[in-house]
Amino acid sequence: MNDLNAQTFMAALQKVEETHDVQSLVELFSDDCSLTNLAMSEPLEGRSGAQQFWEQYLHVFEEIRSRFFHTSETDQDIVLEWTSQGKLNSGEPVQYKGVSVIEKEGGKVAKFRTYYDSAAFTPLGKKG
């Protein structure tokens, strides 16, 4: 089964952002996958790790929408450049950019790494 491609992944992520149901995205990951981002000290592993990763991602936002502006793809890798915009759980608006790197194996996501502008999540100062 070699149907994982950039378009499939992007569509699945956008569906997750709309529905808050991570299952369709988790199904794209292999049983022994690993996922990491800048906030994590150790990667999450396996499908249960993928489910945890995407649930944690959604938990930060009241609403979020990713838009992809550049993709690069080979038989082994997918690179996605994106911008995300929405609201944090606090109601604060958020907009940030990043890059996700996907290593494919056997038609599934074997490794997922994402790098993003973490400054977007840092408070600008005390409110009061």
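Predicted model: local features only at pLDDT ≥ 70, side-chain atom pairs only at ≥ 80, totals over all residues.
1. Strands E4 and E5 run antiparallel and are joined by 11 bridges. Strands here are DSSP runs of E with at least two residues, and helices are runs of H or I with at least four, both numbered from the N terminus. Two strands count as paired if DSSP finds at least two bridges between them.

2. Residues are numbered from 1 along each chain as its sequence is written, and side-chain values use heavy atoms, without hydrogens and water.

3. Look at the hairpin of E4 and E5. Four residues lie between the strands, and Gly91 takes a positive phi near 95°.

4. E5 also pairs with E6. Eight bridges join these antiparallel strands. Glu103 has Lys111 in E6 as its bridge partner. Their hairpin has two residues between the strands, and Gly106 in the turn has a positive phi of about 60°.

5. Now the largest pocket. A pocket is an open set of points on a 1 Å grid over the protein atoms alone where a 1.4 Å probe fits, with protein on both sides within 12 Å along at least five of seven lines; lining residues have an atom within 4 Å of a point. This pocket is lined by 20 residues, and Asn37, Tyr57, Tyr96, Thr114 and Tyr116 lie nearest its centre.

6. Which element gives the largest share of the lining? H3 does, with four residues. H3, E3, E4, E5 and E6 each supply at least two.
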